[in-house]
Amino acid sequence: MPLIPRRLRAALLATASATLVAATLPSPMPLGIGDSLFPTLGNPGYDVLSYDIGFTYHGNNRTPLDAVTTIDARTTEPLDRINLDFTRGTVRSVAVNGLRADFAVTGEDLVVEPLGTLPAGVPLRITVRHTSDPRGDQDSGGWLRTSDGLAMANQADAAHRVFPSNDHPSDKAYFTFRVTAPKDLTVVANGLPAGTVRHGASTTWTYRTEHPMATELAQVSIGHSTVRKRTGPHGLPVRDVVPAADAARLEPWLKKTPGQLEWMERQVGRYPFETYGLLVADTETGFELETQTLTLFERTLFTNKAYPQWYVDSLMVHELAHHWFGDSVSPQAWSDLWLSEGHASWYEARYAEEHAKKSLVNRMRDAYTQSDGWRAVGGPPARPSAPSPGQKISLFRPVVYDGSALVLYALRQEIGKSAFGRLERRWVRKHRDSTATTADFVRLASEIAGRDLTAFFDGWLYGEKTPPMPGHPDWHSTQPAGHR
């Protein structure tokens, strides 16, 4: 197995579209915000402030859930139509600011027509009554069926296969989840619990986030689960959600989290959210996913003895590091993905070096050897090639993992360890709870280094060939086959 995380292997293009019971609108159009890698994602004209999402789970993970999604937003330009990302569900009704609205579908957009044009700068509340269907191909993301229920895997473009949304990380918002399920099941979601209500044979569980979140990081777990609680640094509540039958078996792994949190805080500062923990899902996924405050892990990562302990430990740190790099500081566009995966891979490698004597220099030298080949296949780190049609997994390539950690190693070689450490801490502090771009990182690095690093970054982030490694003139990248 290559020494890169077993990342999301479930982002293939969905083929199912939403089934809509709708009035007919003249020529509804998908819009998108123009992301170079996912051009149909996101929607212009409004800024989402919060989502309030209610699901009713009927006890069968192949039965559609009944759902109500309420979106509070503010218009940023005059709107006579509102586009939402949504597919894989039946829309029953839509209301805009309390008034019933016509709607239609095109592609994976739900297009809503309010009564009259909405001016810029006004509050907007959209209420969609719909179903949320877990029966689609799991390889396309969205609901993930487990042995006893459901979880979510929404990266990169799959949250709208679960609920209507502005499904792009540039529009982060607060979330409330209200999930009704049979009373013998446990429900956990992002954020902190805000109460449970028992009614007959069902229980409604409510969770709220205290920090804004990208749609791709949403998580709801429904199943026969045990919640294990412990305390992390500074009294941080840590809760792990695991299959009840595996709780004792998984405990040796779960109890490592407080120490891993302490290690990450020594690198970059205080953990940025209200809680943390692991969601261990009993399903075959082939990936781990940094869903905010509740990281999704495949059960077999911890139970398959073929994985060395140091490897599992380092992947746990990889996903934890994402809570600073990717969750708290989210990419403004998907071409900024290197900032998330490169940093997570960097701290994964650093942890393996400190705790398992796995040489960082050796890993970076191996990455350098392969770097030109990675760039030839997937593009340079900050200008990745678009995923192939029907093969969205191809976005998550080695060049955005170790190929991007290599950029950070080169930067540390260029500006020194002390300046690099200051950059990392200031980066996550400056952009906490927000989004940031590659240009923002270049600008801050230049400021801390006291000199313009634009030319340095141009080669490392955008060059077809890997630049010489500072301090290692003997390192060479293997020429990829078919290239001169």
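These questions and answers go through aromatic pairs and cavities in a predicted model.

Trainee: How many aromatic pairs are there by the distance rule?
Mentor: A pair of aromatic rings is described by the distance of the centres and the angle of the planes. Rings pair if their centres lie within 6.5 Å. By this rule the count is 26.

Trainee: Is the pair of Trp427 and Phe441 stacked or edge-to-face?
Mentor: The ring centres of Trp427 and Phe441 are 5.0 Å apart, and the planes stand at 85°. Planes over 60 degrees apart fall in one class. The pair of Trp427 and Phe441 is therefore edge-to-face.

Trainee: How many residues apart in sequence are the parts that this pair ties together?
Mentor: Trp427 lies in helix α8 (residues 417–430). Phe441 lies in helix α9 (residues 438–449), so the pair ties together parts whose separation in sequence is 14 residues.

Trainee: Does Phe457 count as buried or exposed?
Mentor: Phe457 forms an edge-to-face pair with Phe456, at 5.3 Å centre to centre and 80° between the planes. Buried means under 20% relative accessible area. Phe457 has 1% relative accessibility, so Phe457 counts as buried.

Trainee: What volume does the largest cavity have?
Mentor: Rolling a probe the size of a water molecule over the atoms shows where empty space is left. The count comes to three cavities of 30 Å³ or more. The largest cavity has a volume of about 100 Å³.

Trainee: Which residues of the lining lie nearest the centre of the largest cavity?
Mentor: The lining divides into nine nonpolar, five polar and two charged residues. Of the 16 lining residues, those nearest the centre are Thr146, Asp148, Ser221, Ser225 and Val280.

Definitions and conventions
Residues are numbered from 1 along each chain as its sequence is written. This is a predicted model: local features need pLDDT of at least 70, side-chain atom pairs count only at pLDDT 80 or more; totals for chains, interfaces and linings use all residues. Side-chain values use heavy atoms; hydrogens and water are left out. Rings of Phe, Tyr and Trp (its six-membered ring) pair if their centres lie within 6.5 Å; planes under 30 degrees apart count as stacked, over 60 as edge-to-face and the rest as tilted. Helices (H or I, at least four residues) and strands (E, at least two) are DSSP runs, numbered from the N terminus. Buried means under 20% relative accessible area, exposed over 50%, partly exposed in between (1.4 Å probe, protein chains only). On a 1 Å grid over the protein atoms alone, a cavity is a set of points where a 1.4 Å probe fits but cannot get out, and a pocket is an open set with protein on both sides within 12 Å along at least five of seven lines; lining residues have an atom within 4 Å of a point. Grid points are joined across faces, edges and corners, and a volume is the space filled by probe spheres set on the points. Ala, Val, Leu, Ile, Met, Phe, Trp, Tyr, Cys and Pro count as nonpolar, Asp, Glu, Lys and Arg as charged, and the others, Gly among them, as polar.
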